[in-house]
Amino acid sequence: MVVSRLFYVVLLLFFFNAFTSKSQQVFVSPSGNDKYDGRTKDAPKKSIESALEQLQKQIKTSENTSRISLLPGTYYLEKTIKLGPELGPVTFEAYEPGTVTVKGSQVLTGKWKVYQGGVTKLKTKVDISPYAQLYVHGKQQHLARYPNIDSAASHFNGYAADAISPKRVSQWEHPEGAIVHAMHKGEWGDFYYEVESVDQDGNPVLKGGHQNNRPSPMHEKYRMVENVFEELDESGEWYFDSKKSTLYFYPFDNMDLNNSTVEVTMLDQLFFIKGTDDNPAKQINFKGIKMEQTNRTFMKEYEPLLRSDWMIHSAGAIRFENAENCSITDCELTNLGGNAIFFSGYNRNMTVRGNHIYGIGASAICFVGLPSAVRSPSFNYKEFVPLQDIDTEKGPKTHEYPSECLVDDNLIHNTGQTEIQTAGVEISMAMDITVRHNSIYDVPRAGINVSEGTWGGHVIEFNDVFNTVLQSSDHGAFNSWGRDRFWHPNRKTMDQITTDNPEMPYWDAIHTTVIRNNRMRCDHGWDIDLDDGSSNYHLYNNLCLNGGIKLREGFYRTVENNIMVNNGFHPHVWFKNSGDVFRRNIVMTGHQDIRLQGWGKEVDYNLFPNKEALEKAQQNGTDEHSLFGDAKFVDPVYADFRVQGNSPALKLGFRNFSMQQFGVQKPSLKKIAKTPDIPPLMMYAMDFSGNKSIKWLGADIKDIETMGERSAAGLSDVSGVLVLKVSDGSLAKKGGLQAGDVIIQSAGSVVKNVADLMIAYQGNNWKGKLNIRVVRNQKEEDIILILK
């Protein structure tokens, strides 16, 4: 019996030791020493690279669940840390959350001296790229530019039509190396160029402009230039003269550079996790770490995302390729010059959760497959594979794409700080990506973008997406394209192809993409924009706060049980056999259809705001069972758009959905997250006189309703929209609208009342401007309102 008990004790000790030996931990500290083994906090390694070498030595003899524990401090990486499948499961963690920062920069040392005109200079051996970012005490400074920074400007923090005019260029001693930023002519994105030389007429000779998949000339007005020594004329600007190895900086008042921490970025990427087809990198995790300060990447090599409008640089501060079951949780990513997190090619079961991502030069999170996984791919809007040559098999050709990945509970804002054709979350050539409970706002283009139908199955739910399309146009808070195999640039050809092959839209969009339970607001486009070809979608339980829902040509979309505040439904250029369904929605304008061949499978059981809107829809052969009337929202002022028990919407089958689950839920992030402004309802807001009025673009407006109002304005009849008040700093004020104006025309249509104006506005705000005609001092004047 004693021998038996002793045997079991020894056996238990053996298994205990075997278990604990599998758990490896290496400590690192900025004040550590790489000669230490890092096994204890008291003897930590100094560098992450040395810790990795130590960890690999330890795990050679055992299976492992390993940790690299970073003690408090700042870690400056000398090169990108590359991680492969040989590392095995490992977590990079902040030993004390909120105390660890990893940077792709280095601290500049040396003596700052006075140069001239308020500018200082530093002689340095560091080769500073014009695509670097410079920080003083953690605050970003700006490369010398024209025009100077104007945070109120709609584009590039300041723009000027003469940014690269011969007159301007002639003032620069060395124009070569200047960097030009310019908008696409249609404001669908942006371009970047370097000046190589100057021609005989004084115009700069440029290289670049490869960053957009819908080429166009530069926008004539929205452009700026940087990296020009002669433009170093404002506090916070810098310029590096590589020939003189001298950094010039214009400091702010009372800024003592010789007693300041000055950092300059050196790396494009911080971590690159890469496996192989046969041996993916697995279970490499990052937790609780702040990561920042990388180079801008907009002049790197770009790749087209099939026939979408996008080109993209396939990299990020953290990049995964051929990886499985990896995660980034509870991290803070900021001051990154390019994309923050990039999943390229084969990736499975990846998780991005609980992170704060902001101050990003390009996109926050990207899932991008490889074109080799796509059957019969095309790469430009005008390209197509002849029908007789198209691969007719459904689905992906290979496994080289992200799938079954999760983006959950993140706070994402102020992305696209340099690049405009970007998104909070970008999905292309991927399958089954779930984007859930994220707050995404203050972005130049879409909050969430899906570049094509390959291969669907995405779930977009419980997100709060707003303040989008801030520097572009013709887009939405959510945007997608679907220029898949069935899609053809000639619409007649596409119509014939899909009539003959009605299942063809399913060849690439093999799974339904679901958009549900989101709150979205776009003031410069649509709240949800399913653009060219987007097919096989199901939209339900979404609260759209301003731009409504648009469905351009595509197939098999079902839109039901959504609320469109102060807007409605925008069906554009549908084919006769689209198979689309729009039912049991609450709209506040009539349907705003454009060039339809048919009205899909079903458009019915919707609640309209008034009899006129309903009757117009019924004249088109839709909405036989729809109703009109007050939706009777519970408390729209406080964002509760559930309907009361006596709402006519309930008679149509509409069902209430929760108004409390939008956006980030993690307490620490929810506490600091913004929420969208809730617009006053057109039919509810009242002024003190009892007449109906609403706020619009910062102006208080109302219908012309009395003979007295008509007489005062000198109108021919009792119609038009009276401007009661215009707030300082508002878009209405900037556009030249004045109190007392009467709006009589908008976007070429007669405006008899506020409803007419709203229809014109909601149908045209995606263009970024609105032409209106007003009566002012009994004379007609034309005004252009810039809507951003």
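**Exercises on a predicted model**

**Exercise 1.** Find which residue caps the N-terminal end of helix 10.

Solution. Asparagine 753 is the cap: a side-chain oxygen lies 3.3 Å from the backbone nitrogen of alanine 755. Helices (H or I, at least four residues) and strands (E, at least two) are DSSP runs, numbered from the N terminus. The model is predicted, so local features need pLDDT of at least 70, side-chain atom pairs count only at pLDDT 80 or more, and totals for chains, interfaces and linings use all residues. Residues are numbered from 1 along each chain as its sequence is written, and side-chain values use heavy atoms, with hydrogens and water left out.

**Exercise 2.** List the buried residues of helix 10 and the strands that they pack against.

Solution. Step one: in helix 10 (residues 754-764), Val754, Leu757, Met758, Ala760, Tyr761, Gln762 and Asn764 are buried, meaning under 20% relative accessible area with a 1.4 Å probe, protein chains only. Step two: these buried residues pack against several strands, among them strand 51 (569-571) and strand 63 (769-776).

**Exercise 3.** State how strand 29 is joined to strand 32.

Solution. Strand 29 (residues 332-336) and strand 32 (residues 356-360) run parallel and are joined by four bridges. Glutamate 332 stands opposite histidine 356 in strand 32.

**Exercise 4.** Locate alanine 362 and decide whether alanine 362 is buried or exposed.

Solution. Alanine 362 sits in the loop between strand 32 and strand 33 (365-368). Its relative accessible area is 3%, so alanine 362 is buried. Leaving aside neighbours within four places in sequence, alanine 362 has contacts (heavy atoms within 4.5 Å) with residues including Gly337, Asn339 and Thr415.

How values were computed
Two strands pair if DSSP finds at least two bridges between them. Buried means under 20% relative accessible area, exposed over 50%, partly exposed in between (1.4 Å probe, protein chains only). A polar contact is a pair of N or O atoms within 3.5 Å; within protein, one must be able to donate a hydrogen and the other to accept it, and residues adjacent in sequence count only if both atoms are side-chain atoms.
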